[in-house]
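Begin with the structure below.

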Amino acid sequence: MFGLDAFHLARIQFAFTVSFHIIFPAITIGLASFLAVLEGMWLKSRDETYRDLYLFWSKVFAVNFGMGVVSGLVMAYQFGTNWSGFSQFAGSITGPLLTYEVLTAFFLEAGFLGVMLFGWNRVGPGLHFLATCMVALGTLISTFWIIASNSWMHTPQGYLIQNGIMVPEDWLKIIFNPSFPYRLFHMSVAAFLSSAFFVGASGAWHLLRGNNNRAIRTMFSMALWMAIVVSPIQAIIGDLHGLNTLQYQPAKIVAIEGHWENLPGKATPLILFGIPDMNEERTKYALEIPYLGSLLLNHSLDKQLMTLKSFPKEDRPNSLIIFWSFRIMVVMGLLMITLGLVSLWLRYKGRIYQSRPFLWFTLLMGPSGLIALLAGWFTTEIGRQPWVIYGVQRTIDAVSGRNTLHMSVSLVAFILVYSAVFGVGCIYMIRLVQKGPITGEGKDVRYGGPGHSKTPARPLSAAYGSLNDLHEEGETE
């Protein structure tokens with residue numbers, strides 16, 4: 001297929017499924033905490049605005065949660081079908097870590113999710129709030145174990161190799177490996193930002209259409225507060241993560257920088273833009289800022305970075321891809337911080353809900369958190385190559401003995417099925433967001449939902465109507 005062998009097709013297949021999957025947990029993590037905040041504020045103030053927002057976003061959460069679970073199951077099978085070399089070599093470590101995630105996070109979420117979605121008018125307010133908090137905690141615990149497993153693959157420790165396989169020696173060292181804390185906070189904050197900009201964009205869309213009720217203003221304002229507070233924190237965490245990566249995976253950092261060689265006696269510049277060429281071993285059309293590379297990465301004006309040429313060719317990650325994926329992530333982060341600062345100025349001027357250029361800016365920034373998240377994961381995972389367990393097992397040694405035809409057919413099948421099934425799910429979720437929260441006199445108890453006893457609160461009853469209603473509405477607009 002396209003001249004690729006089974007090895008590269010297996011990599012593309014896993015990259016496709018995990019990239020598709022990570023979008024849903026990112027929104028789930030952020031929305032779960034958002035729902036906990038909304039219900040807590042409703043319990044404290046008894047302001048129906050927070051309750052209306054909770055009921056609305058819990059439906060979006062339910063649809064997103066379902067798609068995240070389904071898309072994630074496929075990856076577990078790929079470890080056996082496509083990456084049996086990895087499973088045989090390191091399964092005694094990664095297997096238990098993923099099992100812990102199921103036993104703690106997934107069971108916690110599954111146990112309380114029903115109460116959270118269907119418990120209005122069936123359990124007391126305190127118990128329902130506890131259920132929401134437990135679901136939010138479950139999403140964070142899930143993040144903990146997944147990042148622990150992935151981080152260990154980047155900075156492995158606490159293991160022995162016996163009879164050609166890895167066996168655990170110290171579980172605390174395995175879990176709390178050197179890159180784990182930085183990656184855990186980086187991913188968690190990225191999920192909060194992804195959800196905040198998703199919520200903020202939905203609010204901006206409604207405000208642009210003249211739907212200026214209190215619920216819309218409230219969720220829009222809360223999303224912008226999250227942006228201004230959390231975006232700079234993410235930048236700081238990213239800097240610390242970069243310094244940690246420089247210590248344990250220097251080849252990744254110099255590939256991100258597109259830095260091939262040092263000039264004698266001169267500090268390392270920062271290459272803003274360019275085209276790294278892996279064959280010619282140079283970065284073409286480089287636009288450099290003198291000294292800044294040394295300043296940012298070594299916190300020095302004279303200490304030089306390592307260079308890509310100092311690593312054997314077979315140990316170099318693809319600089320062209322991660323050079324640009326990293327810059328996409330950084331640009332998205334800078335735009336997030338900019339949006340937060342502009343929101344503060346407009347809030348001070350009392351025009352935060354009226355400035356149409358700003359509302360359009362916020363709407364266009366809706367997918368920015370997810371774009372930055374995907375770009376960050378591409379940078380991290382492609383930058384780890386050619387190792388699947390850094391410095392221990394090469395990716396080529398981890399792949400199963402599948403032929404090109406099998407991998408081509410399965411890859412095409414994944415693309416078609418994912419595009420159809422999850423395409424419909426995403427369209428439904430977007431249409432649901434376009435409906436917006438129903439408040440005040442606009443509430444219609446005929447469709448029930450959480451808080452009303454007439455109709456069960458099914459996720460697919462979330463749009464306050466059927467899919468046919470949505471289709472008919474789309475035809476009349």
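## Salt bridges

Glu-280 and Arg-282 join their side chains in a salt bridge, 2.8 Å from N to O. The term means a side-chain nitrogen of Lys or Arg within 4 Å of a carboxyl oxygen of Asp or Glu. The model is predicted: local features need pLDDT of at least 70, side-chain atom pairs count only at pLDDT 80 or more, and totals for chains, interfaces and linings use all residues. Residues are numbered from 1 along each chain as its sequence is written, and side-chain values use heavy atoms, with hydrogens and water left out.

Glu-280 is partly exposed because its relative accessibility is 42%; buried means under 20% relative accessible area, exposed over 50%, and partly exposed in between (1.4 Å probe, protein chains only). Arg-282 is partly exposed too, at 43%. Lys-284 also bridges to Glu-280, with the closest N and O atoms 3.5 Å apart.

Asp-315 pairs with Arg-394 in a salt bridge, the closest N and O atoms being 2.6 Å apart. This pair links distant parts of the chain, 79 residues apart: Asp-315 sits in the loop between H9 and H10, Arg-394 in strand E6 (residues 393-394). Helices (H or I, at least four residues) and strands (E, at least two) are DSSP runs, numbered from the N terminus. Asp-315 is buried, at 19%. Arg-394 is partly exposed, at 24%. Shared partners join Asp-277, Glu-280, Arg-282 and Lys-284 into one network of salt bridges. The count of salt bridges comes to ten.

## Nonpolar surface patch

A nonpolar patch on the surface has about 820 Å² of accessible area, and its residues include Phe-273, Tyr-285, Leu-287 and Trp-324. Patch residues have over 30% relative accessible area and no salt bridge; nonpolar side chains (Val, Leu, Ile, Met, Phe, Trp, Tyr) are joined within 5 Å, like charges within 9 Å. Areas come from the Shrake-Rupley method with a 1.4 Å probe; for residues, only the protein chains shown count as cover.

Strand E3 (270-277), strand E4 (282-289) and helix H10 (319-349) each supply at least two residues of the patch. Leu-287 lies in E4 and is partly exposed at 45%.

## Second largest pocket

The second largest pocket has a volume of about 1,200 Å³. A pocket is an open set of points on a 1 Å grid over the protein atoms alone, where a 1.4 Å probe fits, with protein on both sides within 12 Å along at least five of seven lines; lining residues have an atom within 4 Å of a point. Volume is the space filled by probe spheres set on the points, which are joined across faces, edges and corners.

Its lining holds 48 residues; Gly-238, Asp-239, Phe-326, Met-329 and Val-330 lie nearest the centre. H7 gives the most, with eleven residues.
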